[in-house]
Amino acid sequence: MSNARDYDLIIIGSGPAGMAAALLADRSGLSVLMLDDQPGAGGQVYRQIGPNSRNAKTFGFLGEEYFRGGDLAGKLEASGVDCIHQAHVWQITEDNEVFYSRKGAAASIRADFILMASGAQERPMPIPGWTLPGVMTVGAAQTLLKMSATGADGAVFIGTGPLFYLTIWQYLRAGFGVKAVLDTATAIPPAGAFRWILPALLQAGILAKGWAWRAEVRKRTSYQNGVRGVSLSGDGKLEKISFIDRLGKEREIKAGHAFLHQGVIPNVNLGMAAGLDYRWDEGQLCWRPVLDQHGQSSRKTVFVAGDGGGIAGASVAVTSGQLAAARIIRLGGKTPRGLPAFLRLRHWLNKAPRPFLDAMFRPPTDWIVPEDEKVIVCRCEGLTRGEIDQAAKMGVAGPNQLKSYCRAGMGRCQARMCGITVQHILAEHSGRPVRDLDYFRLRPPIRPVTVGELAMLAENDGQAI
Amino acid sequence: MGRQSSERVVIVGGGIQGCAAAYFLARAGWSVTVLEKDNIGRHASGANAGGVRRLGRDLREVPLSLAAMDIWKDLPAYIGEEAAAAFHPSFYMKVAIDDKGHGLGLDRIRMLENAGYQHEIWLSKRELKKRLPQLEGPLLGGVLVEGDGWAVPWRIVRGFAKAALDHGAEILEGCQVVQFSRHSSGVWKIETATGSLESDWVVNCAGAWAARLARKAGDLDFPLSAHAPMLAITERRAPVLPAVLGVLGHTLSLKQLDTGQFLIGGGVRATADLETDKAGLKIPEMATSIRLACQLLPGISVAGILRCWSGIEGYMPDDLPVIGMGGLPGLVHGFGFSAHGFQLGPGVGEVLADLVIARQTKVSLKPFCPSRFG
Ligand SMILES: Cc1cc2nc3c(=O)[nH]c(=O)nc-3n(C[C@H](O)[C@H](O)[C@H](O)COP(=O)(O)OP(=O)(O)OC[C@H]3O[C@@H](n4cnc5c(N)ncnc54)[C@H](O)[C@@H]3O)c2cc1C
Ligand SMILES: Cc1cc2nc3c(=O)[nH]c(=O)nc-3n(C[C@H](O)[C@H](O)[C@H](O)COP(=O)(O)OP(=O)(O)OC[C@H]3O[C@@H](n4cnc5c(N)ncnc54)[C@H](O)[C@@H]3O)c2cc1C
């Protein structure tokens with residue numbers, strides 16, 4: 001189809017990776033379009049940074065770190081980058097046509113290069129009762145804080161990881177009471193983690209900050225670590241949390257709200273549906289795209305930067321976005337302008353603490369695969385672990401055959417919630433390591449588009465919306 | 001029939017044609033091996049729209065389609081109750097929404113009547129309104145076939161595979177045929193990625209890859225091309241559409257599955273790559289079919305499309321399959337179904353088996369003659 005507007009570069013996602021890349025490309029003379037599904041720039045880490053910076057009194061509890069994002073977002077606004085927000089990208093074709101939906105209509109735009117900077121999602125935590133009303137993810141709780149400074153008094157936080165401590169810290173600063181924090185990590189990091197401590201110390205500041213959040217959380221909440229066997233229950237909504245404490249004792253807490261978190265994993269649906277090569281990452285227990293040092297994917301005109309290329313945090317997102325943009329600028333025959341000095345070194349330094357953090361917060365498989373066969377794994381189709389076991393016993397070779405037996409992964413979320421769990425279950429049954437099983441074959445649209453939107457696509461024919 | 005050592009047949013391709021042929025041959029006591037490079041039903045046969053229709057068939061294909069339908073109607077007797085439950089007979093309807101379609105429909109009925117067929121009937125505007133009151137838009141009448149319907153393709157293919165296994169066939173998945181040739185002794189030697197085997201007969205049911213396979217043996221050069229027809233499926237909605245629906249003179253096939261999901265197709269094709277087995281997807285090109293669906297059933301425009309996919313299919317220049325003896329003794333072809341071979345499958349399986357066993361079939365295969373392109 002014909003296109004009214006073409007760009008040198010389309011960037012998907014306006015988090016730190018996308019914003020940093022866009023600024024560099026724009027400065028170097030590329031025409032850049034930014035597509036992002038949120039109302040404004042910021043990504044996950046700096047969500048709502050524009051409005052919240054203007055209202056710092058109310059949102060000050062989010063912390064200094066958060067407001068640093070205002071710098072990037074402000075520069076982006078002042079730049080020549082075209083930004084289309086509330087644009088949900090649902091397909092990238094082989095010839096770099098990007099399809100998206102916005103406010104009930106669909107459109108497409110083409111570019112010479114595409115940079116996927118679409119970030120991460122939280123790792124699903126399928127424990128008994130995780131689908132009960134009153135239970136949500138820590139990230140969702142944090143999103144509410146960032147969007148409207150709202151929260152739930154008396155919630156229980158269950159899980160672990162940097163974002164876990166940060167959000168609780170923000171929750172406390174916002175003045176919400178936290179009933180309890182059940183840390184699934186042990187007090188002392190697993191011995192293996194210390195192999196990585198030296199590089200991590202290069203970023204001692206970051207470690208110290210994490211330590212400080214955790215110390216504050218420990219001091220100000222009823223905190224315990226080494227928690228196992230968490231089970232949520234209640235009549236139609238969450239009422240009770242049972243768990244086994246560090247000493248092996250069964251315990252119970254009454255609560256109406258629980259927030260779960262086991263770290264984040266890259267968003268893979270867009271890239272997989274675009275046909276990029278992905279590889280299982282045993283260190284982070286997730287799929288990540290195969291990228292070269294510039295973020296170039298197996299399709300030479302498509303790049304990936306930020307957490308979508310492997311979890312590494314906001315500062316790495318920035319440097320990886322700049323590295324990718326610099327490469328794209330050069331491939332386009334131009335010279336990067338205002339490239340930060342020692343970019344590669346800084347990128348490397350930013351990444352230094354990651355292996356230590358990965359090892360420290362690596363989720364044991366019982367947080368990935370529920371032991372209890374009655375626990376729902378595929379939320380869209382309401383399938384339990386037991387039902388998936390049964391299908392697996394019929395000898396399915398991988399997730400794609402499984403779909404035909406029991407519809408796992410065929411709902412709205414396109415396996416975002418069950419994919420990795422299903423893969424672990426099939427690995428268990430087949431005796432093969434997870435990395436040897438294929439993943440669900442993902443197909444566009446990666447987000448549901450209505451029949452009406454698609455019908456209008458022919459009529460819009462390339463008009464940007 | 002007692003098994004003799006000479007009754008060995010290798011079937012290349014575990015799609016609907018290969019699995020159905022395996023079933024009929026194994027049932028007749030032959031020693032059958034199916035070689036499938038991926039998994040049973042992995043390609044067109046598992047990815048298709050599941051339309052089980054006699055409606056609209058090329059006149060030359062009608063006898064085969066009717067013969068296949070006799071098997072569909074009695075499916076449990078062939079593949080068992082459980083697998084057969086994946087077939088949902090209802091009725092198939094192609095409506096006319098413009099003068100062109102109206103003309104096409106009437107011509108079609110006349111042509112079929114002249115040829116002595118009565119399975120397709122014309123419904124007037126009024127009869128159509130009565131039959132499908134939920135449809136909107138200018139409706140000028142339509143062609144109807146009672147008893148056509150849809151099936152969950154994958155389950156049907158598995159059903160034939162399992163029935164073949166029950167009759168002693170062997171099915172090897174992940175087993176690609178890389179070379180095969182006929183020895184002076186009259187025996188076929190088949191080299192696969194995992195080993196080699198011998199057989200008296202080879203049946204080529206390799207779908208879109210079949211011409212490549214034929215070339216390996218030094219048989220005819222078939223003008224087979226590969227394309228990837230596309231489909232879209234929506235989330236679940238309340239049931240409103242009991243029939244499978246098409247539009248005369250336009251590309252649309254629309255059905256509502258038992259899950260409540262709508263399946264929208266229409267013959268629009270994306271590219272297919274036989275080297276990598278990758279099937280493309282050109283969603284915008286489906287928009288025309290999708291718009292038509294919205295026009296007929298405006299209610300579905302708010303339904304979210306969950307997924308689109310395509311499957312690799314082999315097409316012949318005349319849109320008719322190749323079914324018959326190859327140019328080399330002991331080689332039989334059954335491929336090139338040009339996007340309408342799912343319904344034919346059980347019938348094709350039967351004629352392929354008859355060809356191998358008795359060199360004759362109850363349906364004439366003349367229109368499908370492998371050498372018709374010289
Ligand atoms: C829920 C959540 C909260 C987080 N909060 C923090 C935090 O407070 N502090 C912190 O240090 N780290 C946080 N992280 C970790 C965070 O992902 C990274 O540190 C950082 O945000 C990564 O930057 P990025 O540019 O790679 O991606 P992101 O910042 O995630 O930006 C990606 C952007 O792309 C958009 N997007 C994704 N897919 C599409 C699509 N198909 N179409 C259109 N737009 C799309 C997203 O909505 C987002 O705006 C959070 C992660 C998650 C999942
Ligand atoms: C999207 C779509 C919708 C369709 N809708 C309908 C419909 O509604 N109704 C209808 O009647 N028809 C429909 N069709 C057509 C129908 O699906 C096909 O005609 C039919 O499935 C063809 O079956 P087959 O067994 O010939 O091919 P396939 O199913 O492609 O099987 C061929 C098999 O051979 C294997 N193979 C190839 N080469 C080798 C080798 N060298 N060694 C080993 N194995 C090999 C392949 O892996 C493949 O599995 C549709 C097709 C598509 C793609």
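1. Two strands pair if DSSP finds at least two bridges between them. Strands (E, at least two residues) and helices (H or I, at least four) are DSSP runs, numbered from the N terminus. On that basis, strand 12 and strand 17 of chain B run antiparallel and are joined by five bridges. One of the positions is Met230(B), whose bridge partner in strand 17 is Ser310(B).

2. The basis of the numbers is as follows. The model is predicted: local features need pLDDT of at least 70, side-chain atom pairs count only at pLDDT 80 or more, and totals for chains, interfaces and linings use all residues. Residues are numbered from 1 along each chain as its sequence is written, chains are lettered from A and ligands numbered from 1 in the order in which they are written, and side-chain values use heavy atoms, with hydrogens and water left out.

3. Contact between the chains (heavy atoms within 4.5 Å) takes in 28 residues from chain B and 28 residues from chain A. The size of an interface is often given as the accessible area lost when the parts come together. Buried area in this sense uses a 1.4 Å probe and is summed over both parts. Between chain B and chain A about 2500 Å² is buried, and carbon and sulfur atoms give 57% of that.

4. How many salt bridges are there between chain B and chain A? The count is two, a salt bridge being a side-chain nitrogen of Lys or Arg within 4 Å of a carboxyl oxygen of Asp or Glu. One of them links Arg236(B) to Glu381(A), with the closest N and O atoms 2.7 Å apart. The side of chain B that touches chain A draws at least two residues from each of helix 8 (153–166), strand 12 (225–236), strand 15 (261–273), helix 10 (287–296) and strand 17 (304–310). Strand 17 gives the most, with six residues.

5. Two bridges join it to strand 22 of chain A (residues 449–450), and the two strands run antiparallel. Thr450(A) stands opposite Gly304(B) in this pairing.

6. Ligand 2 has 37 residues around it, and Glu36(B), Ser45(B), Gly51(B), Val177(B) and Glu313(B) come nearest; a residue counts if one of its heavy atoms lies within 4 Å. The side chain of Glu36(B) has an N or O atom 2.6 Å from an oxygen atom of ligand 2. For the side chain of Asn48(B) the corresponding distance is 3.1 Å. His340(B) contributes a backbone N or O atom, 3.3 Å from an oxygen atom of the ligand.

7. Two backbone details in chain A deserve a look. Most residues other than glycine have a negative phi, and most peptide bonds are trans. The peptide bond from Pro444(A) to Pro445(A) is cis, with omega near -5°; Pro445(A) is in the loop between helix 16 (419–430) and strand 22. Gln414(A), not a glycine, has a positive phi of about 55°. Gln414(A) is placed in the loop between helix 15 (399–406) and helix 16.

Note on methods:
Buried area is the accessible area (1.4 Å probe) that two parts lose on being put together, summed over both. A polar contact is a pair of N or O atoms within 3.5 Å; within protein, one must be able to donate a hydrogen and the other to accept it, and residues adjacent in sequence count only if both atoms are side-chain atoms.
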